[in-house]
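The following note sets out numbered points for a colleague examining the coordinates. Please read each point with the structure open.

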Amino acid sequence: MITNNLERDTATVMVLGGGVAGMRAAIDLAEAGIRVKLVESSHGLGGRVAQLGFMFPTHDCVLCRGTSDHGYGCTRPSISPAFLEHNLHPNIQVWTNTQVLDATGEAGDFTITLRRFPRYVDPDRCTNCGRCAEVCPIEKPRGFEAGLATRRAAYKIAPRAIPDAYVIDRGPYCADCRRCEQVCPTRAIDLNEPVHDEDAHVDAIILAVGHQLYDPRHSEEFGYGRFANVITSMEYERLASRSGPTEGIVTRPSDGAAPKRIAWLQCIGSRDQSHPYCSSICCMYATKEAMLAKQRIPGVECRIFMMDERAFNKEYNAYVHQAREKYAIGFTRCRLSSLKEDPQTRDLIAQYVAEDGARRQDTFDMVVLSVGMEPPAQATAVAKRLGIHLNAYGFCETDKFAPLQTNRPGVFVCGAFQSPKEIAESIIDASGAAAEAMRLLSTKIGHAPRSREYPFLACNGEFPPERDVAPEAPRAAVFVCACGDAISQVVNTDALTAFAERLPNVSHAEQVSYLCLPEGHARLRRAVAERGVNRVVVAACSHRTHESLFQRVIREAALNPNLLEMANIREHCAWAHRHDPAGATRKAQELVRIAVARAAKLAPVYKDRLAPVPRALVIGGGVSGLTAALAIADGGFEVALVERGDTLGGHLNNLYFTAEGGNPQRLLRDLVNRIVGHDRIRVLTRSEVVEHRGHVGAFRSVIATRVKGLAKPTQSIVEHGVTIVATGGQEARGSEYLLGKDPRAMTQQQLEEKLVHLPEQIVALKQIVIIQCVQRPGAPDYCSRVCCTNTMKNATRIKMLNPNCEVVVLFKNIITYGFREQYYSEARRRGVLFVRYTEETQPRLEIIDTHGARKEPSALRPDDVYFTSLQVRVREPVLNEELIWHPDLLVVSTQVVPSDGTQHLAEILRVPLSSEGFFMEAHLKMRPMDFMEEGIFIAGMAHYPKFIEESIAHALSAAGRAIAILSQEPLFYGGVVAQVDQAKCVACLTCTRTCPFGIPRIDPVAVGNGNIVGAAWIDPAKCQGCGTCTGECPATAIQLVNYRDEQVMLRETAGLGAWVTA
Amino acid sequence: MSNNGNGFEPDITAFGCIFCGYMAADTAGTLGWEYPANVKYVKLPCTGKIDIRYILAAFEQGADGAYVVACPLGNCHHVKGNERGKKRVERAKKILDQVGVGGERLEMFFLSGGQGKSFANAAQTMVERVKKMGPNPVKRKA
């Protein structure tokens, strides 16, 4: 049957869930020219992340770093300016208050039945004046503030909610007084708005429905809900957030006092009978919350009660170390069983067994429950309606080797619904799921509009040709928006309009009641068209929310969008000086005066454009490189895959089984066969990148290939639009614990080889000791993520082959995060013995000869294996006794380190490395697959140690970002960037030192001041537009477009310092 | 309003970035945190763009006080533009001291976009401080 979908030229993907993952997936798809319906069940976008004040380990609040586009503001609860109403990507349609009722059809042709519940407020007409909330008689706890503040039934979920509009909560408590409807000045409220069902035809579905937090009322022993000073971690987040109800002041709920002793209890709703998995994020967020307390509350004491310290990502180990050393936060290894409350002081009393085995009692004046992640409440319903399977824990079921695919083709999953995970991994998943959808819809990539010079596109087709205003003298039109009376009830807008009319260069001024509504746009366009004005000044609300709207409107009237200047007379004036109308009016006049002065100095801004070379360079032929190469090639673009070794596959060549039971060799064969047979992929083995130049869309690399029989490698040139770095990592092979010196000592990888190829040797063994967390002396301390689960996998396999063999694991922390916890349980169930050691009680290895005498390892001869035995000693802290074993085999879990040559490659690519020596991404949380430099991406173990499924997701995410760039026709760059007047440049290197991104370079060919060769050059494709260099250039040779000195300093009008005389 | 004497109302210029700083000002308005109306916000792409010449120009042109509103340290949209800005503000303070205007007339605040109340407090603090100091001496001469 030929359906509409096959005939449709453009593809549409429905993204279900508007949290950070759903938003990221939507942006990536939209950029690649695929339409997106972003469906969210609540009133606004942002999900859980919108509620967080700070992210570990950087304490960033800035979600604005989620994308590299130049836009306005930390746009919480968005991840990007791209979601601000008027900046919204034209390919994205946001449906809030919407639920899925049914899904029929198949990949490429789904029909989804959606039910849109009314919000009773039309976001397009809501001006956020707040009248409805003022008259509403109903008061309810504010969900966004975790109930720590109240709201009315007519309310805005958060100050910067998206959609940026109020909503009416018509729950059973609504008094139905209809006062909100009557008072609304723009008639945006319709209390009779019906529930609306509609069908959507989409090609693919991405599930990003997230998680919910465990409700600690179910754990009555901790008294949440009964003891006033026991709060959840989310409540703490809101208290500590600068945008929270207290602007970041943490106080005790019972009396409002500053807490002096705070305890965090870990694993509330994780790693227990009813939640046999680890929520993966709580150890880190509790550490963060304790650090915030230490930074803000002088003298506060913080204690975290935890079972294991799970800090298993980049920079996390250093973060926890800092918490312990610098902030003196106490970490106690213990799971509390209950809390008591002192009824007088409302303090909380904790009894526990300390690490030394002694019983202790401690009093805290506040206790934070680190609640875990559960599958979202709607998971079962969504699964049923979409026909997808859930796993034993109620999260979405996925295959290890296809981590972002559900059982139903065409339905993909990302974020915490796949398994508990943090922001960075949710973002990785999201871009990866977008890549999976792009691969499915490869013939339609780029069919919807995708290249944007500005945040907006024309509403109907094309913009008219731009009018050239260069020869004209500035003629400005000033529009004063009364915003109904939201502005005019404080600011005298009549006087303001009259004032504006008299200003120099102003040829027209008028007052409009709502400039943001379609009626207002029409008046703006008419004025530009009929009065011949060439500058537009809008005195209304915030740049942040409305600049791109008015830019679009004047562009429709044939003016360059940059010829608009806004004066914020609402948030910065009428609303901030409500009780000072005269002062507010004077300030409004001053703001309009300088806006007009600046408008006269404005010039059109154009971006540069290029057609990207439709080819990706992928460096590294392991699972990540292969996955990324296939996804990009399947998406319709060429790939040059460069591998240093003789064969493809990387570490998959050494992996034979996984904890989950999959066969990596099958994955390896599958990937290699598909790569070799792909007509868009060119494989260059025995090859290395020796030179990498250019910028996004136009890179040029030199590849050196070793050829048998030739002394020197042959060189070839590859031109490419993007680069993906997937050079992987490797198991450290040191000489600790006799590694490499005694055949009885081996690494995990060597053990796996033995388990697979020589199982008969395992059967003969009586005792095996496995030591975790073994580092080379002086190596940076970090968690390699994969070793604990690997140990569980191998220990379980040993027990399966030889149940009588005693297996002892010596560990510091067991880090089996997410669903991997089950392998830890399984290993214990099979009788594997776990013994903790600490930094101070490292296990000691000795060699004992047949007489019981110690032998120096250096004196060991090859056949001593038969005449000596190994002896491992460790002091067990609880028993306070030295334990001794004589294992037949000693297995050492060594660190995963970056591949050899990582540093050299980083120099060639001019990208940074992390403190652990891995490649350093643009941002730890929000941009985990991007380098700061546009067009270069990172995938897999080159970023940090990872499991196969994590490497696959990371590689897909890099591929998704790469496809979004490669499909731009044209690719826009530059715009508001710094420009060097080389004739003034003395090549003093100040800019190269000042730039936060290291972008300015000295062009050795350019001629600078005094005809001296060598002058600074700033690549417009790389410049981030902050202007930091311009403020320090001693020769004032650098100017930032749109913020040139004359445009900022406004000397003639003294706009920086003088004020209008009222 | 550069009247001398007790009725002195200072004219103050607030430089700030279009990220946290501008948003903090928006939040102050949205949540109705009021502050004196004699502070005007001059937007820059980042406080790393602040230039000592801009600060001095503001005083030359007649501002009685000026301050810079940046993202919190460590949270700059441009990674460390605000740290550069901070150094320049410190240098500008010294220059203002040397030329007799008074470095106290210049300040820098680090605010997140959600801190509307703190934005209002910063404005209040500066207005009060500059009121005590009296009008900008450069303006008085002119």
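1. In strand β20 of chain A, L369(A) is the bridge partner of T232(A). Strand β20 covers residues 366-371 of chain A and pairs with β13(A) in the parallel sense over three bridges. Strands here are DSSP runs of E with at least two residues, helices are runs of H or I with at least four, and both are numbered from the N terminus. Two strands pair if DSSP finds at least two bridges between them.

2. The model is predicted: local features need pLDDT of at least 70, and side-chain atom pairs count only at pLDDT 80 or more, whereas totals for chains, interfaces and linings use all residues. Residues are numbered from 1 along each chain as its sequence is written, and chains are lettered from A and ligands numbered from 1 in the order in which they are written.

3. The pair in point 1 belongs to an open, parallel sheet of five strands, ordered β13-β20-β14-β15-β16 in chain A. Its edge strands, each pairing on one side only, are β13 (230-232) and β16 (330-333) of chain A. From one strand to the next the twist averages 25°; axes are lines fitted to C-alpha atoms, for helices over the stretch in contact, and angles run from 0 to 180 degrees between N-to-C directions.

4. Helix α6 (residues 282-296) of chain A lies across β14 (261-268), β15 (301-306) and β20 of chain A, and runs at about 170° to β14(A). Contact between two residues requires their C-beta atoms, placed from the backbone, to lie within 7 Å.

5. β15(A) and β16(A) run parallel and are joined by four bridges; the partner of R303(A) in β16(A) is G330(A). Together with helix α7 (residues 316-325) of chain A, these strands make a right-handed β-α-β unit: with the strands pointing away from the viewer, the path from the first strand over the helix to the second runs clockwise.

6. The largest nonpolar core has 253 residues, and I206(A), L207(A) and I724(A) have the most contacts inside it. Helix α22 (residues 948-966) of chain A gives the most to this core, with 12 residues. Another core, of 115 residues, lies apart from it and includes A576(A), L602(A), Y35(B) and F59(B). Such a core is a set of buried Ala, Val, Leu, Ile, Met, Phe, Trp, Tyr and Cys residues joined through C-beta atoms within 7 Å.

7. At the interface, 53 residues of chain B are in contact with 51 residues of chain A. On the side of chain B that touches chain A, α1(B) gives the most, with nine residues. By class, that side has 23 nonpolar, 19 polar and 11 charged residues; Ala, Val, Leu, Ile, Met, Phe, Trp, Tyr, Cys and Pro count as nonpolar, Asp, Glu, Lys and Arg as charged, and the others, Gly among them, as polar.

8. Y67(B) is found in strand β3 (residues 65-70) of chain B. Y67(B) counts as buried because it has 23 C-beta neighbours inside 10 Å. Leaving aside residues up to four places away in sequence, Y67(B) touches A14(B), L106(B), E107(B), M108(B), F109(B), A122(B) and M126(B).

How values were computed:
Buried ≥ 20, exposed ≤ 12 C-beta atoms within 10 Å, placed from the backbone.
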